[in-house]
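Me: I am new to this structure and would like to learn how to read it. Can we take one feature at a time?

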Amino acid sequence: MSDEQPTQQQPPDEPPRPRLTRSTSDSVIAGVAGGLGRHLNVDPLAIRIAFVIAVFAGGLGILAYLACLLFIPSDDPNAQQRWGVARIIGAALLVIAALFVLTPDWMEGPWLFLLIIVGLIAYLLIRVAREGGAAGIAARIAIGVVLVALAVGGFVAAAVGSSLGGGIIIGGLVIACGIGLAGGAFRGGARWLIAPALVLALPLAAVAATDLDLRGTWGERTFRPATVADIGDGYEMGVGEMRVDLRDLELPPGRTDIPLQMGMGQIQVVAAPDVCVVTDAALSLGAANTGSGEEGGVDFEVHDRTVPDPGVRYVHLDVDLGVGELRVGDRFRDHDWRWSRNHATVDPGTSRAACEAP
Amino acid sequence: MRPRPDFDPASLVAGVIVIALGALLLLDQADVIELDVAYAVPVVLAAIGGILLACGLAGPARRG
């Protein structure tokens, strides 16, 4: 029998939890996720993904990140002074972000759950990729495929968004990427921002160069004006097929202007065989055929040199087409829009004799 | 004078190029200037070329 008193096993001394600071050693933007992960003993990657998901929850992620940036000090003892101006900017951005949160139209409902699932998959893939081996290589390939898909999706989204009038926002995002790149140069580099910058800038440049404007009606529309009053200010569509049937139009003496505007698609105009039609068109990209052969290319204009005789009733088409095809004629190649629901094609060409006085 | 160890000149050059490109596109979208294909294509190609050149000359990034 031993005299020794049974001793209770003491747990090993746990290291004190690190103070909550922004990490300078584990930093992607400002070290918020790295610092939170270190403080909470959680993988910073999971926190980063959570921030990204929360961005789509009414902009909460931006607000939360900016709040952390504002209120959590850096672990760099020299950082306090350096972040003085940044705190003021941060406060201003917080106000802007709060405005976004008050406008809960970004993404809600089932989309958020889908995003959380995507985030979990991304987290697992990145974890496996970090561990290496065959599974790591497979995970890296999967991540590469996802990144390419995201880039393609972002490219398409930026193209559609800028052509729907969001060009100023996308241009601002490009500049923000540039500022992030230039600022990141002094913190070890932020070259990863080059990819999103180009994914946003290239489609915006394409939209800017082609003046593509997809705002307006989408789909198939047939316009059949009977009088000049029906025409109003002309016809405008965003994307699709615009058919303008002028066969029933009662023309007043002289010139009748019909402006036609479309972002992307096909414009077909059919007139009565005894009506003089003069066409002036501007296309950013595509082809036009008004009867004197097909013209196509980039940034080109079609000008009809026909000068109708005085007193002749005639239609002047003023076409502004972003990307697509223009056909103007007085007959159909196959079906007639009036009798068929099929995709009829106008045979280009209108009567020049109709432009001469009888 | 030795460069700072955490300074990445390629990021700086790329950032300036991206800012310039973004500003140009923003001005077009705000209808201050009018970009057409003849201007936009060489501008975009020059931007991409400049970024690639900067990254190539600066070597691999230490981080980011």
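Reply: Start with the salt bridge: a side-chain nitrogen of Lys or Arg within 4 Å of a carboxyl oxygen of Asp or Glu. Side chains of opposite charge can pair when their charged atoms come close. Keep in mind that this is a predicted model. Here A:Arg327 and A:Glu325 meet in a salt bridge, at 2.8 Å from N to O.

Me: Are A:Arg327 and A:Glu325 buried or exposed, or partly exposed?
Reply: Use the cut-offs: buried means under 20% relative accessible area, exposed means over 50%, and partly exposed is in between. A:Arg327 has a relative accessible area of 8%, so this residue is buried. A:Glu325 has 23%, so this one is partly exposed.

Me: Which residue forms a salt bridge with A:Arg331?
Reply: The partner is A:Asp330. Their closest N and O atoms are 2.6 Å apart. A:Arg331 is partly exposed, at 43% relative accessibility. A:Asp330 is buried, with a relative accessible area of 12%. Salt bridges can also share partners: A:Glu220, A:Glu241 and A:Arg243 are joined that way into one network.

Me: Now the rings. How many aromatic pairs are found over all chains?
Reply: Three, in a search of the whole structure. To read such a pair, look at the distance between ring centres and the angle between the planes. A:Phe51 and A:Tyr65 sit 5.2 Å apart, centre to centre, with 75° between the planes. An angle over 60 degrees counts as edge-to-face, so that is the label for this pair.

Me: Where in chain A do A:Phe51 and A:Tyr65 lie?
Reply: A:Phe51 is in helix H2, residues 44-55, and A:Tyr65 is in helix H3, residues 60-71. The two are 14 residues apart, and the pair links distant parts of the chain. A:Phe51 is buried, with a relative accessible area of 13%. A:Tyr65 is also buried, at 15%.

Me: Which aromatic pair joins two chains?
Reply: That is A:Phe186 with B:Phe7. The pair is tilted: 5.1 Å centre to centre, 35° between the planes. A:Phe186 lies in the loop between helix H7 (133-184) and helix H8 (194-210) of chain A. B:Phe7 lies in the segment before helix H1 (9-29) of chain B. A:Phe186 is partly exposed, at 37% relative accessibility.

Me: What does the secondary structure of chain B come to?
Reply: Two helices and zero strands. Chain B has 64 residues, and buried residues make up 33% of them. Its accessible surface comes to about 3900 Å². Carbon and sulfur atoms account for 71% of that surface.

Me: Which residues gather in the patch of negative charge?
Reply: The members are A:Asp211, A:Asp299, A:Glu301, A:Asp318, A:Asp320, B:Asp31 and B:Glu34. Strand S5 (294-303) and strand S6 (314-332) of chain A each give two or more residues. Take A:Asp299, which lies in strand S5 of chain A. Its relative accessibility is 36%, so A:Asp299 counts as partly exposed.

Me: One last residue. Is A:Gly37 buried or exposed?
Reply: A:Gly37 is buried, with a relative accessible area of 4%. This residue lies in helix H1 of chain A, residues 32-40. You can also read a distance here. A:Gly37 and A:Asp26 are eleven residues apart along the chain, and their C-alpha atoms are separated by 9.6 Å.

Terms used
Residues numbered from 1 in each chain as written. Chains lettered and ligands numbered in written order. Predicted model: local features only at pLDDT ≥ 70, side-chain atom pairs only at ≥ 80, totals over all residues. Heavy atoms only, no water. Patch = residues over 30% accessible without salt bridge, like charges linked within 9 Å, V, L, I, M, F, W, Y side chains within 5 Å. Areas by Shrake-Rupley, 256 points an atom, 1.4 Å probe, with all protein chains shown as cover. Lys, Arg positive; Asp, Glu negative; His and termini not counted. Charge placed at Lys NZ, Arg CZ, Asp CG, Glu CD. Helix = DSSP H or I, 4+ residues; strand = E, 2+ residues; numbered from the N terminus. Buried < 20%, exposed > 50% of the residue type's maximum accessible area, 1.4 Å probe, protein only. Phe/Tyr/Trp six-rings, centres within 6.5 Å; stacked < 30°, edge-to-face > 60°.
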